[in-house]
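This report describes the salt bridges, the nonpolar cores and a surface patch of one protein model. The sequence and structure are shown first.

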Amino acid sequence: MPQRGALVSFISKRKVREAQRIREVLELEAFTEAAGKWDKTALESITLLEKAEMLITKQEEEIKKLDYYEFTKLDEEFHDCIIQFSGNLSLAYIVKEMRSHLNRLRYIELQEAHHEATAILQHRALLLAIKNKDDDGVSKILIDHLKLVENFREFIFKKRAELFID
């Protein structure tokens, strides 16, 4: 009897690049909205700060265990909690959809790139910029953060060419 295996679909380089750009634009909007909404005395802001700091601490713990899968899930949760704080639920939904095109590649990138320490520092810097209502700081840090793996992506496309199309 012939063996049956799982059919693994290729990752579209074009879709990855498109999704990355859309994610950058939308998250930039959400994070700057979050900075504008920040009020250190408001319960919603205090709750966001506590949750975001807890997620960063958990990320640090997962990196010690070399658990890149869990690190990536926590990274998404960090971004999601700030996007949800911005109050734009439609934007949150669309960003999640865009991430679906990026996630398979992100797991591969994390195993190769090892930029977790930088990502955690950037998360802390993003929180500080939001707390300071610093739109320019939020924009610069977020774009640098989102470009962190993008700059490594072409290397992955070549190294693991068997996984990609177009």
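K147 counts as partly exposed, because its relative accessibility is 27% (buried means under 20% relative accessible area, exposed over 50%, and partly exposed in between, with a 1.4 Å probe and protein chains only). This is a predicted model, in which local features need pLDDT of at least 70 and side-chain atom pairs count only at pLDDT 80 or more, while totals for chains, interfaces and linings use all residues. Residues are numbered from 1 along each chain as its sequence is written, and side-chain values use heavy atoms, with hydrogens and water left out.

The side chain of K147 meets that of E24 in a salt bridge of 3.3 Å, N to O (a side-chain nitrogen of Lys or Arg within 4 Å of a carboxyl oxygen of Asp or Glu). K147 lies in helix α6 and E24 in helix α1, so this pair ties together parts that are 123 residues apart in sequence (helices are DSSP runs of H or I with at least four residues, numbered from the N terminus). E24 counts as buried, at 2% relative accessibility.

The count of salt bridges comes to 16. Three of them are listed below.

| Salt bridge | Closest N and O atoms |
|---|---|
| E62 and K65 | 3.3 Å |
| D144 and K140 | 2.8 Å |

In the second pair, E62 is buried at 10% relative accessibility, whereas K65 is exposed at 56%. D144 and K140 are four residues apart in helix α6 and therefore separated by about one helical turn. D144 is partly exposed at 35%, and K140 is exposed at 55%. Salt bridges with shared partners also join R23, E27, E76, D80, K96 and R99 into one network.

The largest nonpolar core contains 34 residues (buried Ala, Val, Leu, Ile, Met, Phe, Trp, Tyr and Cys residues joined through side-chain atoms within 4.5 Å). Helices α1 to α6 each supply at least two residues of this core, and α3 gives the most, with eight. F78 is among the residues with the most contacts inside the core. Leaving aside residues up to four places away in sequence, F78 touches A52, L55, I56, H123, L126 and L127 (contact means heavy atoms within 4.5 Å). A second, separate core of 11 residues includes I11, A19, M98 and I108.

On the surface, I22, Y93 and I94 form a nonpolar patch with about 290 Å² of accessible area together. I22 belongs to helix α1, residues 13-37, and is partly exposed, with a relative accessible area of 36%.

Conventions
Patch = residues over 30% accessible without salt bridge, like charges linked within 9 Å, V, L, I, M, F, W, Y side chains within 5 Å. Areas by Shrake-Rupley, 256 points an atom, 1.4 Å probe, with all protein chains shown as cover.
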